[in-house]
Amino acid sequence: MPERIIYLDHAATTALDPRVLDVMLPYLTTEYGNASSIYTLGRHAMQAIDRSREQVAELLHARPTEIAFVGCGSESDNLAIKGMAFASQKKGNHLITSSIEHHAVLHTCQYLERFGFKTTYLPVDSDGCINPDDVARAITDQTVLVSLMYANNEIGTIEPIAEIGRICRAKKIPFHVDAVQAGGAVPLNVTELNVDLLSLSAHKFYGPKGMGILYVRQGMRLLPQLQGGSQERGRRAGTENVAGIVGTATAFHLAQEELPQITPRLIALRDRLIEGMLTIPRSRLTGHPNERLPNNASFCFEGVEGESILLNLDLLGVAASTGSACTSGSVDPSHVLVALGLPPAWSHGSLRLTLGKENTNEEVETVIKALPPIIEKLRGLGM
Ligand SMILES: *Cc1c(COP(=O)(O)O)cnc(C)c1O
């Protein structure tokens with residue numbers, strides 16, 4: 001492997017920010033108390049959790065009691081959807097989501113279908129946008145939850161969440177938003193967005209892996225999915241991961257605080273990548289041209305195999321993705337690209353480049369130079 005890797009897969013995960021590690025270390029060493037214990041060491045842990053909860057609540061414009069720390073973004077999605085569905089079984093059995101959600105949402109809805117729930121999977125247009133009118137039309141008297149993503153992890157499209165939230169609020173339908181990709185990319189105000197539940201994952205914004213956040217609006221009844229102690233106000237049993245919680249809150253704070261400095265740089269790098277890639281014959285951008293994450297540049301190249309592009313990039317020390325980390329190694333094109341209506345000759349040739357705060361102009365120029373010969377070579381090989 002080349003000495004220095006060019007990491008362009010920030011949608012899959014990000015490196016822990018050294019400042020986050022610093023605040024976590026005491027809770028992995030000397031401050032090892034159990035937050036439920038009443039002696040000083042335990043109280044220190046509880047105080048750290050309380051401060052973290054306040055910090056997250058403030059950033060989301062929520063109340064501290066509305067914030068639950070959980071084990072990952074996937075768990076946050078699972079708890080929101082299963083917790084709401086199972087708590088609302090007397091009201092109805094209908095869920096609404098979209099065809100481009102993360103598997104943490106799609107597979108959860110499919111799981112609930114085994115228990116008598118029915119799911120409407122809303123379509124998207126060729127840019128990956130959900131039509132708010134489709135949400136309004138899909139709602140029935142049986143609907144107990146609408147769950148949609150803020151920003152897509154493969155193509156970067158940002159959905160009209162506030163508008164959909166207004167529709168759900170008017171019809172009194174609880175609205176869950178998977179904001180895992182948006183957490184480190186855009187300001188999040190749960191009041192302005194009209195959302196009732198919102199999921200985040202720390203490792204997508206330079207925090208620790210294995211930590212998630214679930215915002216639950218006061219008054220929402222949620223059936224816990226993990227039974228045991230009464231941690232997290234009974235919403236999630238298990239001794240708290242104090243270091244993880246402190247790291248999550250710090251990472252979220254830093255990410256949100258640094259948005260104004262980092263976003264314009266990311267957009268400039270992203271747009272340069274898009275410009276460079278689209279000079280390649282038979283290439284196209286996937287996702288919305290403007291309503292997209294500042295760090296997401298994703299493409300399809302006709303008549304090439306995405307996996308082959310990745311392997312060739314890896315030889316040059318470039319870490320990229322075909323789309324979702326979960327679809328790597330599978331021969332089927334991603335469900336997201338299929339939902340956009342792309343024909344197989346295009347959807348098999350996907351490449352997702354997702355930037356982070358450490359990426360440089362030189363790295364972007366290196367990739368822009370490296371890609372055209374790779375695509376040309378693969379097309380020559382008939383791959
Ligand atoms: C990464 C991701 C998840 C899952 O988060 P984990 O913390 O890895 O479980 C869920 N939804 C979206 C949109 C994601 O990008």
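Which residues point one way from E3, and which the other way? In this predicted model, His 94, Ile 96 and Ser 98 point one way from the strand, whereas Leu 95 and Thr 97 point the other way, and all of them are buried.

## Strand E3 and its partners

Strand E3 covers residues 94–98, and the strand is mostly covered, with five of its five residues buried. The two-way arrangement of its side chains can be read against a general rule. In a regular strand the side chains alternate between the two faces of the sheet.

E3 pairs with two strands in the parallel sense. With strand E5, which spans residues 143–149, the parallel pairing runs over three bridges, and here Leu 95 stands opposite Leu 145 of E5.

## The seven-stranded sheet

E3 belongs to an open sheet of seven strands, which follow one another in the order E2-E8-E7-E6-E5-E3-E4 with mixed pairing. Strand E2 (67–70) and strand E4 (118–122) stand at the edges, and because each has a single partner strand, one side of each is left without a neighbour in the sheet. On average, neighbouring strands of this sheet are turned by 20 degrees against each other, with direction ignored.

Two of the helices that pack on this sheet can be described in turn. Helix H3 (residues 73–87) touches E2, E3, E5, strand E6 (175–178), strand E7 (197–201) and strand E8 (212–216), and its direction makes about 160 degrees with that of E7. Helix H4 (residues 103–113) also packs on the sheet, where it touches E3, E4, E5 and E6, and the direction of H4 makes about 150 degrees with that of E4.

## The three-stranded sheet

A separate description applies to the three strands that form an open sheet in the order E9-E10-E12, with antiparallel pairing. The edge strands here are strand E9 (283–285) and E12, each of which pairs on one side only. From one strand to the next, the twist averages 25 degrees.

E9 and E10 are joined in the antiparallel sense over three bridges, and Arg 284 stands opposite Cys 300 in E10. Helix H8 (residues 259–277) lies across E9, E10 and E12, and runs at about 10 degrees to E10.

Helix H9 spans residues 306–315, and its buried residues are Gly 306, Ser 308, Ile 309, Leu 310, Asn 312 and Leu 313. An α-helix has 3.6 residues a turn, so residues three or four places apart point the same way.

The buried residues of H9 pack against strand E10 (296–301), strand E11 (318–319), strand E12 (350–354) and helix H12 (361–380). Just after H9, Gly 317 takes a positive phi of about 85 degrees.

## Cavities

H8, the helix that lies across E9, E10 and E12, gives the most to the lining of the largest cavity, with four residues. By residue type, the lining of the largest cavity divides into 15 nonpolar, seven polar and four charged residues.

## Two loop residues with positive phi

Which value does the phi of Lys 172 take? Lys 172 is not a glycine, yet its phi is positive, at about 60 degrees. This residue lies in the loop between helix H6 (161–170) and E6, and because its relative accessibility is 74%, Lys 172 counts as exposed.

Arg 282 likewise has a positive phi, of about 50 degrees, although it is not a glycine. Its place is in the loop between H8 and E9, and with a relative accessible area of 44%, Arg 282 is partly exposed.

How values were computed: Residues are numbered from 1 along each chain as its sequence is written. This is a predicted model: local features need pLDDT of at least 70, side-chain atom pairs count only at pLDDT 80 or more; totals for chains, interfaces and linings use all residues. Side-chain values use heavy atoms; hydrogens and water are left out. Buried means under 20% relative accessible area, exposed over 50%, partly exposed in between (1.4 Å probe, protein chains only). Contact means heavy atoms within 4.5 Å. Two strands pair if DSSP finds at least two bridges between them. Axes are lines fitted to C-alpha atoms, for helices over the stretch in contact, and angles run from 0 to 180 degrees between N-to-C directions. Ala, Val, Leu, Ile, Met, Phe, Trp, Tyr, Cys and Pro count as nonpolar, Asp, Glu, Lys and Arg as charged, and the others, Gly among them, as polar.
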